[in-house]
Amino acid sequence: MSTSSFAHIPCLSSTLINELPEFIARHRRLLVVTGAGCSTDSGIPDYRDANGQWKRTPPMTYQAFMGEEAARQRYWARSLLGWLRFGQAQPNATHHALAALEADGRVELLLTQNVDGLHQRAGSQTVIDLHGRLDQVRCMGCEARSSREELQQRLLDANPGWEALKAGIAPDGDADLETDFSSFHIPGCLQCGGILKPDVVFFGENVPRERVAAVHAHLQRADAVLVVGSSLMVYSGFRFIDAAAKAGLPIAMVNLGSTRADALLSLKVRMPCAQALAFLLDGTNTQ
């Protein structure tokens, strides 16, 4: 990959034209870490502002979800409305650019903190979903997995009229809705009647150990790290950047705001993700 082919792109600053493509050109085994900033162009809001602070009330915790029926009612009622739009989200130029980077043989692993599955839909294949996938549902009793689409229909059937409520879209399939949730009915597992939970890692819940071990195994084979659209404020993702820095790997980041890893970076590009990575698409129309 040469930098000469990127010089014709007018929207990129001279710093980006020189430094980010050169960083990528120097490394053939990138561990790519992505966050919510990758999916905002797909209509999925992020959680944090430019300073890394919460834009809204922090999300549901594992302890509240498992311990309080009222918390589950609130979660699934809002999810019913949020899924109507979240489930229709499409990959954007950032997802396509990273898929192109993998197709060029430069990605050891794409580690995403997002739960939307959009990297895979854009064509990325070597992906670990650090926090799981929202399109899958897990029974907390018998461990059976089922599709979120299937549960959506069961939620609609059990709660007629709720889909007509007005609510704003929120991160990760949530919706901004405040009402009396006490009448909302949550279907149980079809196999055992147990509590159904999205197959994602909630705040207060641990990432499965085997998933963490798999990421570390890829990190040992990587020759550099590229972070795209993540503030890394959550330790579950930051720990891999910390480990990379301790191992002496160079780390580049594309992110508009402040991040937990700023002191560890070799290069930081403060631009929207799609604009910063446009050179990877080489003029291909992916819309």
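**Entry 1: before starting**

I am working with a predicted model, and I kept that in mind throughout.

I found an open sheet of 6 strands, ordered 3-2-1-9-10-11, with parallel pairing. Which strands stand at its edges? They are strand 3 (127–129) and strand 11 (267–269); each has a single partner strand, so one side of each lacks a neighbour in the sheet.

Next I went through some of the pairs. Strand 2 (residues 107–112) runs parallel to strand 3, and 3 bridges join them. At this pairing I noted Thr112, which stands opposite Asp129 in strand 3. Strand 1 (residues 30–34) pairs with strand 9 in the parallel sense over 5 bridges. There, Thr34 has Val228 of strand 9 as its bridge partner. Strand 9 (residues 224–228) also pairs with strand 10, again in the parallel sense, over 4 bridges. Two opposite positions went into my notes for that pair: Val227 faces Met253 of strand 10, and Val228 stands opposite Val254 of strand 10.

How many residues of strand 9 are buried? The count is 5 of its 5 residues, and I wrote the strand down as mostly covered.

Strand 10 (residues 251–254) came next. Ile251 and Met253 point one way from strand 10, Ala252 and Val254 point the other way, and all are buried.

I then turned to an open sheet of 3 strands, with the order 5-4-8 and antiparallel pairing. Strand 5 (145–147) and strand 8 (196–200) are at the edges with a single partner strand each, so one side of each has no neighbour in the sheet. From one strand to the next, the twist averages 45°.

Strand 4 (residues 132–139) pairs with strand 5 in the antiparallel sense over 3 bridges. Within that pair, Gln136 has Ser147 of strand 5 as its bridge partner. I also asked what helix 6 (residues 148–158) lies across. The answer is strand 4, strand 5 and strand 8, with the helix running at about 70° to strand 5.

**Entry 2: helix 3 against helix 6**

Helix 6 has a helix contact to look at too. Helix 3 (residues 69–86) packs with helix 6 at an angle of about 115°, and their axes are 10 Å apart. The crossing of helix 3 past helix 6 is left-handed. On the helix 3 side I listed Trp76, Ser79, Leu80, Trp83 and Leu84, and on the helix 6 side Arg148, Glu149, Leu151, Gln152, Leu155 and Leu156. By class, this contact has 7 nonpolar, 2 polar and 2 charged residues.

**Entry 3: helix 7 against helix 8**

Here I looked at helix 7 (residues 209–221) and helix 8 (residues 235–246), whose axes come within 11 Å and cross at roughly 30°. Why do I call them roughly parallel? Angles under 35 degrees count as roughly parallel, and helix 7 and helix 8 therefore qualify. Helix 7 passes helix 8 in a right-handed crossing. Val212, Val215, His216 and Leu219 of helix 7 make the contact with Arg239, Phe240, Ala243 and Ala244 of helix 8. I noted the classes as 6 nonpolar, 1 polar and 1 charged.

**Entry 4: two single residues**

I picked out Thr94, which sits in helix 4 (residues 93–103). Is Thr94 buried or exposed? Its relative accessibility is 1%, so Thr94 counts as buried. Leaving aside residues up to four places away in sequence, Thr94 touches Cys38, Val228, Cys273, Ala274 and Leu277.

My last stop was Ala278, in the segment after helix 9 (273–276). Ala278 counts as partly exposed because its relative accessibility is 24%. I looked up its separation from His96 as well: Ala278 and His96 are 182 residues apart in sequence and 9.5 Å apart in space, C-alpha to C-alpha.

Methods: Residues are numbered from 1 along each chain as its sequence is written. This is a predicted model: local features need pLDDT of at least 70, side-chain atom pairs count only at pLDDT 80 or more; totals for chains, interfaces and linings use all residues. Side-chain values use heavy atoms; hydrogens and water are left out. Axes are lines fitted to C-alpha atoms, for helices over the stretch in contact, and angles run from 0 to 180 degrees between N-to-C directions. Angles under 35 degrees count as roughly parallel, over 145 as roughly antiparallel, 65 to 115 as roughly perpendicular and the rest as oblique. A crossing is left-handed if the near helix is turned anticlockwise from the far one by less than a right angle, and right-handed if clockwise. Contact means heavy atoms within 4.5 Å. Ala, Val, Leu, Ile, Met, Phe, Trp, Tyr, Cys and Pro count as nonpolar, Asp, Glu, Lys and Arg as charged, and the others, Gly among them, as polar. Buried means under 20% relative accessible area, exposed over 50%, partly exposed in between (1.4 Å probe, protein chains only). Two strands pair if DSSP finds at least two bridges between them.
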